[in-house]
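Let's take a walk through a protein together, one region at a time. Have the sequence and the 3D view at hand as you read.

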Amino acid sequence: MDSFKTVLKFLTNQKTTMGYCFMAVVTIGCYLNPSKLCPRGNFVGCTKVIVKVLSGACIAPVMWLSVALLNGTFYECAVSGLDESVVVQMFCKNKTPTCQDELPRVPCSKSQLPENENTELLLMLRAQSQILGWSIIIISATVLLIGNCFKNCRSQVSYLQLTFQKIYMEKENEQFELFAENYATKLAERNLKSFFNNKSPEPFPLPNHKVWEEISTIYTFKKSEQYYSTLQRYVECTNLDSPEKQPFMEGEDGTEMV
């Protein structure tokens, strides 16, 4: 029960940080669509995508945890407040009888222990915290290195082509934002003009929901096709000049309209 109270107190003191972490997790879960990540019958591709998403999402929490452990403050307060016999015996072995009662006050510099004993306990707590922090950093770096090596070795395309795809994706995202802003501005002007002039709006073709869904899926390289994004694959594989393939807007009732 005391351990639970200690953990609860620690989480309460760090409620701001925990809130940010919670919001980050929620944001990632609202952003991802399981149907896009894990198509039916593609277990290997699903696993790759999940590992990729998790590895990207864990970078910030791991770095925050490592910095916190290297600093030592969080670890000192959390461990010294645990009322567990193993923890107490580890720190208070061959110490004065009051060590057990004064151990939680050591990080706050309010203990009644002798100065040398207080300093020794504090250094022990900080050393353990830093060792744990460096261990997490080394393990994370090793896992990341092994993962990148495995990914590059198993990749169906060369490293230079992957580098080109990365550059292309960055430029495509930049241009997408510019085009989206431009078209959104024109659409807003068209709608406002129609509203204030009390006239029917001019035709303004836009991709329908199905098209947006198609270009929102995650793309991975295949030897059978040489595309660098889902958008490029859609543009090159779809006959947009055909009347049947012209993009439309959909009305509220689901009907397509020009």
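This is a predicted model: local features need pLDDT of at least 70, side-chain atom pairs count only at pLDDT 80 or more; totals for chains, interfaces and linings use all residues.

Residues are numbered from 1 along each chain as its sequence is written, and side-chain values use heavy atoms, with hydrogens and water left out.

The protein averages a pLDDT of 76, and 75% of the residues score at least 70. Over residues 246-258 pLDDT stays under 50, and for this stretch the model has 25 contacts beyond four places in sequence. A contact means heavy atoms within 4.5 Å.

Now for the overall plan. The protein has eleven helices and two strands, and from the N terminus on they run α-α-α-α-α-α-α-α-α-α-α-β-β. Of its 258 residues, 22% count as buried. Buried means under 20% relative accessible area, exposed means over 50%, and partly exposed lies in between (1.4 Å probe, protein chains only). The accessible surface, computed by the Shrake-Rupley method with a 1.4 Å probe, with only the protein chains shown counting as cover for residues, comes to about 19300 Å², of which 62% belongs to carbon and sulfur atoms. Among contacts between residues at least 6 apart in sequence, 49% join residues at least 24 apart.

Let's look inside. In soluble globular proteins, nonpolar side chains tend to be buried together. A nonpolar core is a set of buried Ala, Val, Leu, Ile, Met, Phe, Trp, Tyr and Cys residues joined through side-chain atoms within 4.5 Å. The largest such core here has 14 residues, and Val-79, Phe-91, Leu-103, Val-106 and Leu-121 touch the most other members. Helix 5 (73-80), helix 6 (85-92) and helix 8 (115-154) are the elements that give two or more residues to this core, with helix 6 giving the most, four residues. Which residues does Phe-91 touch, leaving aside its neighbours within four places in sequence? Phe-91 is in contact with Val-79, Cys-99, Leu-103, Leu-121, Met-124, Leu-125 and Gln-128. Apart from this core lies another, of six residues, among them Tyr-219, Phe-221, Tyr-227 and Tyr-228.

Next comes helix 11 (residues 230-237), whose buried residues are Thr-230, Gln-232 and Tyr-234. What covers them includes helix 9 and helix 10 (209-215). Val-235 is also in helix 11, but Val-235 is partly exposed, with a relative accessible area of 43%. Val-235 and Ile-215 are 20 residues apart in sequence and 9.4 Å apart in space, C-alpha to C-alpha.

Helix 9 itself spans residues 159-197 and includes Leu-178. Together, Leu-178, Phe-179 and Tyr-183 make a nonpolar surface patch of about 320 Å². Patches are made of residues with over 30% relative accessible area and no salt bridge, joining like charges within 9 Å and nonpolar side chains (Val, Leu, Ile, Met, Phe, Trp, Tyr) within 5 Å.

Side chains of opposite charge can pair when their charged atoms come close. A salt bridge is a side-chain nitrogen of Lys or Arg within 4 Å of a carboxyl oxygen of Asp or Glu, and a search of the whole structure finds one. Its partners are the side chains of Glu-174 and Lys-171 (3.9 Å, N to O). Both lie in helix 9, three residues apart, about one turn of the helix. Glu-174 is partly exposed at 43% relative accessible area, and so is Lys-171 at 48%.

Asn-198 sits in the loop between helix 9 and helix 10. Most residues other than glycine have a negative phi. For Asn-198, however, phi is near 55 degrees, a positive value. Asn-198 counts as exposed, because its relative accessibility is 71%. Pro-97 is found in the loop between helix 6 and helix 7 (99-102), and Pro-97 also counts as exposed, at 77% relative accessibility. Pro-97 and Leu-113 are 16 residues apart in sequence and 9.9 Å apart in space, C-alpha to C-alpha.

Technical notes: pLDDT is the predictor's confidence in each residue, from 0 to 100.
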